[in-house]
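Please keep the model open while you go through these notes.

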Amino acid sequence: MKNIIKTPYSLRFDPARLTQAIDWHGHLAFAAWLIETLRPHILVELGVFRGDSFAAFAQAVREQDVDCKLFGVDTWQGDATTGTYDDVYPELKDYFDIHHPSARLMRMLFDSAISEFADGSIDLLHVDGCHEYAAVKQDYEMWKPKISDRGVILFHDIEVLADGFGVYQYWREVRDQYPSFSFKHGNGLGILLVGKDVPEELLILSRDAVECEKFKAIHEALGGRFFYRAKAKYWQTEHKNLGSRLCNAQLEIERLNDTHAPAVQMGQPSWTRRLIDKIT
Ligand SMILES: C[S@@+](CC[C@H](N)C(=O)[O-])C[C@H]1O[C@@H](n2cnc3c(N)ncnc32)[C@H](O)[C@@H]1O
């Protein structure tokens, strides 16, 4: 492993942003390793959503002092596989304005962003938009000319077999066109080594199955910690919210009892009505 993991950086990587969008958390330590190893000059993420993967890339770029411009493209409106949403962007923008002001959030369709990048300029492209087969194929084919000689393309969700998801199939079509390797955990991540001059560490992983298995085991264990940490944080927040709802409900019951109890008691028992009937 000493030729591949050269420093403890990615082993100790501690992602600052872990939202409830947990799908990418299993790969965050790998993201840190990849930034340290590839040292990309231009990184483009297609599909940012709550920004968990994009923020990890940005954090590693900063911590490793890599001269890299980061671009995250998304409509922040959702797609056929995520479903539609419209409440994510403001919080995400505030987060990046504070922590990674030089990372550019491009709120537009992928097709509209592509003209901003020169051919052969992107060192790291993360394809994580709509996961339908036709959409992934289109994203890959449109953006591939933009990949540099050192370029790497990541495909997320290559192990998801749910209805409508076609990355599984598309990954099996492209993975042999270039050196590649993949992770099964965290919905699966495919790493396609498209450039002819990618760093040797990545090439070793693509051709040495034993080294690759060790590398994957380490990253699965590291990523698992973040996945469970985010889940625990989510349930702690739910617990707190439910606790305060329960407390409010109890107060409301007490208030209603105090205000209305005497009238209710008078109106309910049938013996009271019988007594009144007898008297009148
Ligand atoms: C799976 S999410 C991205 C997840 C993210 N990488 C993470 O770390 O959690 C996919 C995102 O791609 C965006 N998207 C899909 N197709 C798009 C397109 N053609 N143009 C712009 N955004 C798109 C959706 O709005 C959605 O937010």
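1. Start at the ligand. Of the 22 residues around the ligand, G47, F49, S53, D79 and G129 come nearest. A residue counts as near a molecule or strand if its C-beta atom, placed from the backbone, lies within 6 Å of it.

2. A word on the source. This is a predicted model: local features need pLDDT of at least 70, side-chain atom pairs count only at pLDDT 80 or more, and totals for chains, interfaces and linings use all residues. Residues are numbered from 1 along each chain as its sequence is written.

3. Where does the shell around the ligand come from? Helix 3, strand 2 (69–74) and strand 3 (78–79) each supply at least two of its residues. Helices (H or I, at least four residues) and strands (E, at least two) are DSSP runs, numbered from the N terminus. By class, the shell has nine nonpolar, seven polar and six charged residues. Ala, Val, Leu, Ile, Met, Phe, Trp, Tyr, Cys and Pro count as nonpolar, Asp, Glu, Lys and Arg as charged, and the others, Gly among them, as polar.

4. Now look at helix 2 (residues 28–38) and helix 3 (residues 52–63). Their axes come within 9 Å and cross at roughly 40 degrees. That makes helix 2 oblique to helix 3. Angles under 35 degrees count as roughly parallel, over 145 as roughly antiparallel, 65 to 115 as roughly perpendicular and the rest as oblique. Axes are lines fitted to C-alpha atoms, for helices over the stretch in contact, and angles run from 0 to 180 degrees between N-to-C directions.

5. Which residues of helix 2 and helix 3 make the contact? Helix 2 gives L28, A31, A32, I35 and E36; helix 3 gives S53, A56, F57, A60 and V61. Contact here means C-beta atoms, placed from the backbone, within 7 Å. Eight of these residues are nonpolar, one is polar and one is charged.

6. Helix 6 (residues 133–143) and helix 7 (residues 167–174) also pack. Their angle is about 40 degrees, with the axes 8 Å apart. They are therefore oblique to each other. Y133, V136, K137 and Y140 of helix 6 meet V167, Q169, Y170 and V174 of helix 7. Six of these residues are nonpolar, one is polar and one is charged.

7. Last, the whole protein. It has 10 helices and nine strands. Its radius of gyration, taken over C-alpha atoms, is 26 Å, well over the 19 Å that the globule rule gives for 280 residues, so the protein is more spread out than a compact globule. That rule is 2.2 Å times the number of residues to the power 0.38. Along its principal axes the C-alpha trace spans about 105 × 40 × 35 Å.

Terms used: Two residues are in contact if their C-beta atoms, placed from the backbone, lie within 7 Å.
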